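Welcome to a short tour of one structure, written for someone who likes to check details against the coordinates.

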Amino acid sequence: MATNFYNRQRIEKAEENLAPYASRSKYSRGRIRQEEPCQLRSEFQRDRDRIIHCNAFRRLKHKTQVFIAPLDDHYVTRLTHTLEVAQIARTISRALNSNEDLTEAIALGHDLGHTPFGHIGEEALNSLCPDGFRHNEQSLRIVDILENNGKGLNLTWEVRDGILNHSKGQITVLGNGWNNIGTIEGQIVKMADMIAYINHDIRDAIRANIISEDELPISVVNTLGNTSSQRINTLVHDIVIHSANTLNKHPTKPTISMSSNILAITNTLREFLFEKVYNPS
């Protein structure tokens, strides 16, 4: 038993070597209901595992991202989107020496409350609910109340904050209020979410003959690349390099950022997707 207990202590000891701005599981703001710590895993690792094993996570495989009822197996679902977000977020988190376990937990739980039938499903519920419907708030409701036979998952404050505040709406990338999140790891997930969806939504829109590759803005292709992997690579590298410089200069107010040129091009691509794919006239 003493050996098991040492394992969690070893994880917490290793977290002391993270960057000053990183979250540390030992100093989590805690859970809604106090629990005895796990002897093997940190608090954030427990949250990650609870999310993976919950019913809402399994249901993500049936929920499409943009298109209501795609006809083949290669369109993105909420589950594959979530896995892409987790992979991108972990890469950025590791490069910036922040808490990879917390980053992964937020990423895996961020879309649990999304509706079926893509964005149209959310718009339909928003029109029917007296107070409106927002998937990020539903995600928090799922982990706080609905899962585990009404007991919820009792996640840490840091994971719950990241889940609640990951959503962007139509705010431009790094626009006003973008980084109103309690942890640097939550900010990383928000950026990873954006990187994932703008790239796989391009692939799906081309597959569905909504747009063609030739229609992508030439400034986007010249700056970010002409393939999904090139665009993701360019965005991730820019975020890591620029954020590292910013974080070192302002460690007391940590903020994930991008270079001005890449940021402008990224917003150009998002505007293109809203015009041609999400809200076509």
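Predicted model: local features only at pLDDT ≥ 70, side-chain atom pairs only at ≥ 80, totals over all residues.

Contact here means that heavy atoms lie within 4.5 Å of each other.

**An enclosed helix**

Helix H8 spans residues 157-164, and six of its eight residues are buried, so the rest of the structure largely encloses it. The buried residues in H8 are Glu-158, Val-159, Arg-160, Asp-161, Gly-162 and Ile-163. What covers them? The cover over the buried residues of H8 includes H2, helix H5 (100-109) and helix H7 (135-150).

The loop between H7 and H8 holds Asn-154. Is Asn-154 buried or exposed? Its relative accessibility is 4%, and because buried means under 20%, Asn-154 counts as buried. Leaving aside residues up to four places away in sequence, Asn-154 touches Arg-31, Ile-32, Arg-33, Glu-35, Arg-50 and Val-143.

**Pocket and cavity**

The second largest pocket has a volume of about 230 Å³. It is lined by 16 residues, and the closest to its centre are Gly-30, Arg-31, Glu-35, Pro-37 and Glu-43. Helix H1 (2-15) and helix H2 (43-52) are the elements that give two or more residues to this lining.

How many cavities of 30 Å³ or more does a search of the whole structure find? The search finds one. The largest cavity is lined by Glu-12, Glu-15, Glu-16, Arg-24, Lys-26 and Tyr-27.

Here are the two spaces together:

| Space | Volume | Nonpolar lining residues | Polar lining residues | Charged lining residues |
|---|---|---|---|---|
| Second largest pocket | about 230 Å³ | one | six | nine |

**A buried arginine**

Our last stop is Arg-231, found in helix H11 (residues 228-249). Which side chain of opposite charge is nearest to Arg-231? That side chain is Glu-213, 6.8 Å away. A salt bridge needs a side-chain nitrogen within 4 Å of a carboxyl oxygen, and Arg-231 has no salt bridge although the residue is buried. Not counting residues up to four places away in sequence, Arg-231 touches Asn-199, Ile-202, Leu-216, Leu-224, Gly-225, Asn-226 and Leu-269.

Note on methods: Residues numbered from 1 in each chain as written. Heavy atoms only, no water. 1 Å grid on protein atoms, 1.4 Å probe; cavity = no way out; pocket = protein on both sides within 12 Å on 5 of 7 lines; lining within 4 Å. Points joined across faces, edges and corners; volume = space filled by probe spheres on them. Helix = DSSP H or I, 4+ residues; strand = E, 2+ residues; numbered from the N terminus. Nonpolar A, V, L, I, M, F, W, Y, C, P; charged D, E, K, R; others polar. Buried < 20%, exposed > 50% of the residue type's maximum accessible area, 1.4 Å probe, protein only. Lys, Arg positive; Asp, Glu negative; His and termini not counted.
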